[in-house]
Amino acid sequence: MRKAGVLLPIFSLPSKYGIGDFGEEAYKFIDELKEAGQSYWQILPMGPTSYGDSPYQSFSTFAGNPYMIAPDLFPEEILPLKEIEKYDFGSDEESIDYGLLYKNRLKMLYSAYQVENYIGLEKTYPDFTEFCDENRFWLEDYVLFMALKEDHDGAPWYEWEEDIKNHEEEALKRERHRLGDRLRFHCWLQYHFNRQWTKLKKYANENGIEIIGDIPIYVAFDSSDVWGNPELFQMDEERRPKWVAGVPPDGFSATGQLWGNPVYDWEYHRRTSYAWWIKRVEYSFKLVDVLRIDHFRGFDEFYCIPSGDKTAEFGHWEKGPGIDLFKAMENKIGKRKIIAEDLGFLTDTVIKLVSDTGYPGMKILEFAFDSREESDYLPHRWEKNCIAYTGTHDNQTFAAWFDELSDEDREMAIDYMGLKGRDEAEWNEYAIRMAFASVADTVIIPFQDWKGLGAFARINEPSTLGKNWMWRMKKDSFDEELIKKMSDITKLYRRTAV
């Protein structure tokens, strides 16, 4: 069935409190998607962000970002407005100030925790203990990790005292006792994240909207996952990565991309029947309906860079788990709705792996127009089993991208889309119509492209720091005019939810 959806991170929703959250605006966005005839809301990873504020570098692959807990959803007696107003979260409605969030958000939430803890958490929320017990397999390490990180002024775990760094049981017992209240606070944060998100997702599903989530292939080195489970990764005796992840030099970067994540010990995962990966994916499907797996190429072959290198120039390729992982996953948790992020240079073996899984891949319109050669991303080369996009969170907005094209590539795009003589303001809509008219089963359009926004609305520019993951939509920008346009185009190309 032909369907359509919108890409917008949770953090990009409007909010009075500095960052998009699970509050009123999220429910309003779902209502607007429904009215516009959409079937999907695609979000980015929702984990707690670390240095650089990237959702792809999280302190945990299982935990949720406390910044997304909506203050408005607490009763007034738990989190009074006068308490919220004590804290500064920034005044720019189109940008996120992560420095202010880091300084103030958890302080504000801690005040609500103190009230609820005084009243009695287990009395107010009878399922609180059950939640903590059910999620002990990741939560126990995570809450201690976060409490210890606070206790060490944010220092990474590999700079902590030796016994704590090495995850020695006696040291962990000692620290759990010493930091008991902070552990309980971080459990409380995860409980409320889960509670608020579960209600929001249920509302989306009841209104015909499925959530497309996103799982990064790698985890951050400074994470509770690596601290508590070093055997999952290629680490040395000092608990340092032997190799780190990235991609080699290409036409976009002369020195490649150095991500810095530890790479997996796939032999260990094979011996354990991929238990950790299966648990990770299974948990993700408690939170979302469809899962996009990032950097799918890495399951066929992955690029290893010597730990300590400053660029990605001197790495080598190693074989990944291939189809074995996905067969084991399907045998354990059944067939699930998964999207393979199969972008970039693809070898024959990667293409075969995607084909063998049966997962739909991705087609990006911004990658289509290269006057030097015929691209696989041109719409006439798309197949039905794919997800079509104008661009993703890693791309420039379509309007800005079109402006930045070389004269030759822009001329090709204008010819291909039949735009000669058209006003530039119409080009954005023509690109969307082209994606909607294609054979692709599903089309996902970033919200910025529906609005025709420029470079200021870009979500992320890979390999850069200090300007990413900040953009937010203006309040009421999903207006009746846009809803009607979206609805009309969706109906015209037979992609309505009903």
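**Rings, strands and one serine**

Mentor: Start in helix α15 (residues 398–404): F398 and F402 are 4 residues apart there, so about one helical turn separates them. Keep in mind that this is a predicted model.

Trainee: Are F398 and F402 buried or exposed?

Mentor: Both F398 and F402 are buried.

Trainee: How many aromatic pairs does the structure hold?

Mentor: It holds 55 aromatic pairs. Take Y113 and F185. Their ring centres are 5.3 Å apart and their planes are at 55°, so this pair is tilted.

Trainee: Where do Y113 and F185 sit in the chain?

Mentor: Y113 is in helix α3 (residues 98–119) and F185 is in helix α9 (residues 180–206).

Trainee: Which residues do ring pairs link into a cluster?

Mentor: The cluster includes Y218, F233, W259, Y264, W266 and Y274. W276, W277, F296, F299, F326 and Y359 also belong to it.

Trainee: What lies over the face of W277?

Mentor: R280 does, at 4.8 Å from the ring centre. There is another charge over a ring to look at. The charged end of K363 sits over the ring of Y377, 5.6 Å from its centre.

Trainee: New topic. What is the order of the strands in the open sheet?

Mentor: The order is β9-β6-β3-β2-β1-β12-β11-β10. That makes 8 strands, and the pairing is parallel.

Trainee: Which strands stand at the edges?

Mentor: β9 (338–340) and β10 (361–364) do. Each has a single partner strand, so one side of each is left without a neighbour in the sheet.

Trainee: How much are neighbouring strands turned against each other?

Mentor: By 25° on average, direction ignored.

Trainee: What holds strands together in a sheet, in general?

Mentor: Strands of a sheet pair through backbone hydrogen bonds, either parallel or antiparallel.

Trainee: Let's look at β11. How many bridges join it to β12?

Mentor: There are 3 bridges between β11 (residues 386–389) and β12 (residues 442–446), and these strands run parallel. In β12, T442 stands opposite I387.

Trainee: And over how many bridges do β10 and β11 pair?

Mentor: Over 4 bridges, again in the parallel sense. M362 stands opposite I387 in β11.

Trainee: Which way do the residues of β11 point?

Mentor: C386 and A388 point one way, while I387 and Y389 point the other way. All of these are buried.

Trainee: Last one. Where is S224?

Mentor: S224 is in helix α10 (residues 224–228). At 4% relative accessibility, S224 counts as buried.

Trainee: What is S224 in contact with, leaving aside its neighbours within four places in sequence?

Mentor: Its contacts are F59, S60, D141, Y142, F145 and N229, with those neighbours left aside.

Terms used:
Residues numbered from 1 in each chain as written. Predicted model: local features only at pLDDT ≥ 70, side-chain atom pairs only at ≥ 80, totals over all residues. Heavy atoms only, no water. Phe/Tyr/Trp six-rings, centres within 6.5 Å; stacked < 30°, edge-to-face > 60°. Helix = DSSP H or I, 4+ residues; strand = E, 2+ residues; numbered from the N terminus. Buried < 20%, exposed > 50% of the residue type's maximum accessible area, 1.4 Å probe, protein only. Lys NZ or Arg CZ within 6 Å of the ring centre and 35° of its normal. Pairing = 2+ DSSP bridges. Axes fitted to C-alpha atoms, helices over the stretch in contact; angles between N-to-C directions. Contact = heavy atoms within 4.5 Å.
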